[in-house]
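Please read them alongside the sequence and the structure.

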Amino acid sequence: MIILGIETSCDETSVSVVKDGKEILSNIISSQIEIHKEYGGVVPEIASRHHIKNIAAIMEESLSEAKVTLDDIDYIAVTYAPGLIGALLVGLSFAKGISYAHDIPIIPVHHIKGHIYSNFVENDVKLPLIALVVSGGHTNIVHIDENHKFTNLGGTLDDAVGESYDKVSRVMGLGYPGGPVIDKLAYLGDKDSIKMPEPKVGEYDFSFSGIKTSVINYVNKMKMKGETFREEDLAAAFQHKVVEILCKKTIGAAVEKKVNNIVIAGGVAANSLLRKELKEKAKKSGIEVYYPSMGLCTDNAAMIAVAGYYKVTYGDEKNKFGDLRLNGIATLPIDRD
Ligand code: ATP
Ligand code: MG
Ligand code: FE
């Protein structure tokens, strides 16, 4: 089964060809990071325009690298939710055009399920599992049963983890995206030199705004006093606190739900401390932790094609396919896909 994946939910235009949910024949990603950097974050209207400009050429490149034509494609898997609505509509409209012209069925894919299924490419992941979703817009703990049924156990009440990284980076003057820079800087600092607050929320819920505000206040206080501070210490204190919370809640969920497998999904799954700490800590409870290779952590169309493969193979017969009325949805909980 050969699936063409299309992803345009945010600032990456990506088209991929994947065979049998495992073999990535091509995964072309055109990132707009350099364009949005100037503004300190993604500007939705600019993102949509760049998707329109690039998508046809990216599909051509993807097909050619995979050495296939549209005649070889069995299904088109396209991200329809969640994301920036204008950006989503570019991918969706493009998918509908090819679907109509070449008579190929469309599988609508939930972007976050794509992030989760990116784990299934390189690993033999066993179900049931707990997925820790940590991306630019989401922070959730999700349970997935033997039949690929998703249940959201909890999520952030305010900022997403990636969003906090980006905001903290901005206030420290370290640029966008913040995750990779802070991740590196944190290794040079002393995590105990600056105290971070302890959020008080429900068992599977998160709150990062208190920690983020504490960083912002610290920076402003030092600026007002005209004092310099060690950026690496602040980065270390922030990163260690965030990772400590993520590990504790995710392992707690796995133990309580009697699940032996954890996957990390989303852009923040690229975080080196999270990868290391979660694996080491979970091992003590006999739990295996999987994460995708770096290239599959951030937005890409291969993960969308893989999620499409699992939807068409295990999904509910009634909502496997979308027709020409399929619409984009900006916000959609994972268990309502
Ligand atoms: P969503 O998937 O929720 O729609 P998104 O697609 O914008 O949001 P992703 O592309 O999945 O988000 O991830 C981007 C985020 O990942 C950014 O916030 C970025 O700072 C963060 N990130 C990337 N690398 C790292 C890292 N090494 N450590 C921490 N955060 C990281
Ligand atoms: Mg992105
Ligand atoms: Fe994403």
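**Notes on the predicted model**

1. β7 and strand β8 (residues 150–155) pair in the antiparallel sense over 5 bridges. Two strands pair if DSSP finds at least two bridges between them; helices (H or I, at least four residues) and strands (E, at least two) are DSSP runs, numbered from the N terminus. Asn140 has Gly155 of β8 as its bridge partner. The hairpin of β7 and β8 has 5 residues between the strands, and in it His148 takes a positive phi near 65 degrees.

2. On conventions: this is a predicted model, in which local features need pLDDT of at least 70 and side-chain atom pairs count only at pLDDT 80 or more, while totals for chains, interfaces and linings use all residues. Residues are numbered from 1 along each chain as its sequence is written, and chains are lettered from A and ligands numbered from 1 in the order in which they are written.

3. A second hairpin is formed by β2 and β3. Strand β2 (residues 12–19) pairs with strand β3 (residues 23–31) in the antiparallel sense, over 8 bridges. Val17 stands opposite Ser26 in β3. With 3 residues between the strands, this hairpin has Asp20 at a positive phi near 50 degrees.

4. The domain assignment gives domain 1 (2–117 + 296–336) and domain 2 (126–291); such bounds come from an automatic or database domain assignment. The C-alpha centres of domain 1 and domain 2 lie 27 Å apart. Contact joins 15 residues of domain 1 to 22 residues of domain 2, where contact requires C-beta atoms, placed from the backbone, to lie within 7 Å. On the domain 1 side that touches domain 2, the elements giving two or more residues are α1 (33–37), α4 and α12 (301–314). That side of domain 1 has 8 nonpolar, 5 polar and 2 charged residues. Ala, Val, Leu, Ile, Met, Phe, Trp, Tyr, Cys and Pro count as nonpolar, Asp, Glu, Lys and Arg as charged, and the others, Gly among them, as polar.

5. Of the 24 residues around ligand 1, Gly136, Gly137, Gly162, Gly179 and Gly267 come nearest; a residue is near a molecule if its C-beta atom, placed from the backbone, lies within 6 Å of it. Two or more residues of this shell come from each of α4 (111–117), α6 (161–171) and α7 (178–186). α7 gives the most, with 4 residues. By class, the shell around ligand 1 divides into 6 nonpolar, 15 polar and 3 charged residues.

6. The unreviewed UniProt entry places a "binding site" feature at Val133, Val134, Ser135, Gly136, Gly137, Asp166, Gly179, Asp183 and Asn271. UniProt positions are given in the numbering used here, feature names are shortened, and annotations may be inferred rather than shown by experiment.

7. Ser135 is in the loop between β6 (129–134) and β7 (139–144), and Gly137 is found in the loop between β6 and β7. Ser135 counts as buried because it has 24 C-beta neighbours inside 10 Å; Gly137 counts as buried with 21. The cut-offs are 20 or more other C-beta atoms within 10 Å for buried, 12 or fewer for exposed, and partly exposed in between, with C-beta atoms placed from the backbone. Not counting residues up to four places away in sequence, Ser135 touches His115, Ala160, Gly162, Gly266, Gly267 and Val268, while Gly137 is in contact with Ala160 and Glu163.

Methods
Two residues are in contact if their C-beta atoms, placed from the backbone, lie within 7 Å.
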